[in-house]
Amino acid sequence: STSQTRNYHPKIEMASSEGAEPIAKGVIPTIKQSWADLFRWRQRVAITNEYGETATEWQSPEPLQNPIKLLMQLSPKDWLFFVVGFLAWTADAFDFHALSIQTVKLADYYETSKTNVTTAITLTLLLRSVGAAFFGLAGDKFGRKWPMVINMLVLGLLQIATIYSATFQQFLAVRSLFGLFMGGVYGNAIAMALENCPVNARGLMSGILQQGYSFGYVLAACANLGVGGSTESWKTVFWIATGFSIAVGLVRICFPESQQFLAAKRSGKPKVTPAAFFKETRIMLAREWKMCIYCIILMTWFNYYSHTSQDSYTTFLLTQKEFENAAASRGSILMKTGACVGGCIIGYLSQFVGRRRAMVGASLISAVLIPAWILPTGERALSATGFFMQFFVQGAWGVIPIHLNELSPVAFRSSFPGITYQIGNMISSPSAQIVNAIAESHFLRRANGDLVEAYGPTMGVATAIIAVGIAVTAALGPEKRGSRFETAAPAGADKEVMGNKRHEDD
C-alpha cells in the first residue's frame, strides 16, 4: 500500500480515477492489504488535498525516465560533489574489507583462528552505530565538510595503527576505534553526494552511490590480488587503504560546504542540539514505533544477507575450494562487480515494478542460485555464479536507500532511516563470526580426499533462510513508492516539535 500527499481538485481528479479502499491501519489489516496489493500492478495511493481531505485511489506507476537524461541533469559542480561523496564511501568500504578478505592471512599472522579474527568485524559493526549517531549530529550542527575530513583522516591513521598492532588484543582495540569513525562516513557522504542532485535524479544517483560499498570491496580484492598470498602481505593492503582514506580527506578540504547547509544556516533555522536530537528520536519512536520495528526487522535481515554472503566468500574459496590467493581474489572481484551492476539496475527498475516486488524477486532468485553458487569446483564457474548471486543480493539492497526514505515519517526522514539501519546493523554484527565458527567446527571431504572446513554449506543454508526471510518480510510490509518526502520539513524542524520546544522555553 502507498500513501503520499498531493494537491488536487477533488471533483476533477476523483472523477478520472478508480477509487480504492483506504490505507489499512493496524498490523494484521496492513499485512492482509500489503499481500493483496503485491499482486496488483497499480498502486494504492492516499491523496490529501489542500484542505486536508484525503481520498484513496489506484494509480498506474509512472513510466521509467531515460537514465542518461537523468545523469545529464547534473552540472559539473554536482558531479564533483557526487564523486567525492562516492569516493568517501568507497574508501570506507575499502578500509573495512581490507580485513574481511584477508581473514586467513591475519589468522596466520596472529596465530589464532579465523573465527577470532572475525571478532574484529563484529566489534567494528557494533561501534559503527555509535559513530553514526555522533558524527551525524556533528554534520547537522557544524556542516558536512569538516566531520567528513576528520573521519577520513582518522580512518587513515587507524589503518596505520592496525599495521603496527603487535598483539591480537591491540589489533581488536584498534578495529573497535575504527568502527566508531567508520560509522560517521556514510551519512555525511550521502548528504554531500545527493543534496546537490536534481530531485528527479536522486533515486538513480542513490542506487549508484549505494554501490560505492561494493566498489570498495572490488578495489580491496584487487589490492589483495596484487600483493600476493604471503602472510605479511596483508600490511601492504592496509597501507593502500591508508593512502586512499587520507587522499579523500585532503580532497574534501578543497571543496566548499554543502549549499543546503549554508542556506539553512543563513535562513536562521534552529540548530540541532544533543537534547533536541534525543527528543526528536523519542517523539519519532512514540509515534512510529510499529513502522520502526518493521524497518529494524527488515534491515536486520538485509545486513545478515550481505555480510553472510560476502564477508567469508574469499575464505570459502581459499579453504574449502583450496584456491590460490590470486584465484580467490579474482573470484571476489567478479562477485562484487556483479553487486555493483545489480544494485544500480534493480534499484532503478524498482521505480517502475515497485519496491517490494523488486526486493522479493531479487531475494528469491538469489535463493534459487545458492546451489550453483557453492557447488562448482572451478574458478570460472564459481566466478560466474558469484557474479549473478551478488547481482541479486545487492540488487535487493539497491532498493533500500529510497525505500527507507519513503517509509520514514516525513518530518523525521533524517533520523528514522539511520536509526533503523544502524540498529539492524548492530543486531547482525556477529554474522561473519557465526559463519566462521560453524564452518570451522564442521568439515566435508573433497573429491581429492582432502578434509576441508564447511564454509559453502554454512553460507548456503544461512543465505537461503535469510533470503526467504527478506521475501516474506517485504511481501507483508508497507510500501510508499512515490512519496514526495523532499517537500516536507527536515527532521528537527517539525512544527509540533518546535512548538513544544518554544512552549517549554516559555
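Author: A salt bridge is counted where a side-chain nitrogen of Lys or Arg lies within 4 Å of a carboxyl oxygen of Asp or Glu. Please bear in mind that this is a predicted model.

Reader: How many salt bridges does the rule give here?

Author: The count comes to 8 salt bridges. One of them joins the side chains of Glu-232 and Lys-235, with 3.5 Å from N to O. Glu-232 has a relative accessibility of 46% and therefore counts as partly exposed, since that class lies between the limits of 20% and 50%.

Reader: Which residue forms a salt bridge with Arg-446, and how far apart are the closest N and O atoms?

Author: The partner of Arg-446 is Glu-322, and the closest N and O atoms are 3.2 Å apart. Arg-446 lies in the loop between β5 (443-445) and β6 (451-453), and Glu-322 lies in the loop between α17 and α18 (325-353), so the pair ties together parts that are 124 residues apart in sequence. Arg-446 is partly exposed, at 23% relative accessible area, and Glu-322 is also partly exposed, at 33%.

Reader: Are Glu-406 and Arg-355 buried or exposed?

Author: Glu-406 is buried, with a relative accessible area of 4%, and Arg-355 is buried as well, at 1%; the class requires a value under 20%. These two residues form a salt bridge whose closest N and O atoms are 2.8 Å apart. Because Glu-406 belongs to helix α22 (residues 400-407) and Arg-355 to helix α19 (residues 355-368), the pair ties together parts that are 51 residues apart in sequence.

Reader: Which residues are linked in a network of salt bridges?

Author: Such a network links Lys-114, Glu-440 and Glu-453.

Reader: Let us turn to the aromatic rings. How many aromatic pairs does the structure hold?

Author: There are 23 aromatic pairs. Among them is the pair of Tyr-109 and Tyr-110, which is edge-to-face, with 4.9 Å from centre to centre and 85 degrees between the planes. For an edge-to-face reading, the planes must be over 60 degrees apart. Tyr-109 is partly exposed at 25% relative accessibility, whereas Tyr-110 is buried at 11%. Ring pairs also link Tyr-109 and Tyr-110 with Phe-168, Phe-171, Trp-234 and Phe-238 into a cluster.

Reader: Which residues form a nonpolar patch on the surface?

Author: The patch is formed by Leu-64, Val-341, Ile-345 and Leu-349, which together have about 270 Å² of accessible area. Ile-345, found in helix α18, is partly exposed at 38%.

Reader: Finally, how is a single residue described? Where is Ser-312 found, and is Ser-312 buried or exposed?

Author: One reads its place in the chain, its accessibility and its contacts. Ser-312 is found in the loop between α16 (289-310) and α17 (313-319). At 2% relative accessibility, Ser-312 counts as buried. Leaving aside neighbours within four places in sequence, Ser-312 is in contact with His-307, Ala-432, Val-435, Asn-436, Tyr-455 and Met-459.

Technical notes: Residues numbered from 1 in each chain as written. Predicted model: local features only at pLDDT ≥ 70, side-chain atom pairs only at ≥ 80, totals over all residues. Heavy atoms only, no water. Helix = DSSP H or I, 4+ residues; strand = E, 2+ residues; numbered from the N terminus. Buried < 20%, exposed > 50% of the residue type's maximum accessible area, 1.4 Å probe, protein only. Contact = heavy atoms within 4.5 Å. Patch = residues over 30% accessible without salt bridge, like charges linked within 9 Å, V, L, I, M, F, W, Y side chains within 5 Å. Areas by Shrake-Rupley, 256 points an atom, 1.4 Å probe, with all protein chains shown as cover. Phe/Tyr/Trp six-rings, centres within 6.5 Å; stacked < 30°, edge-to-face > 60°.
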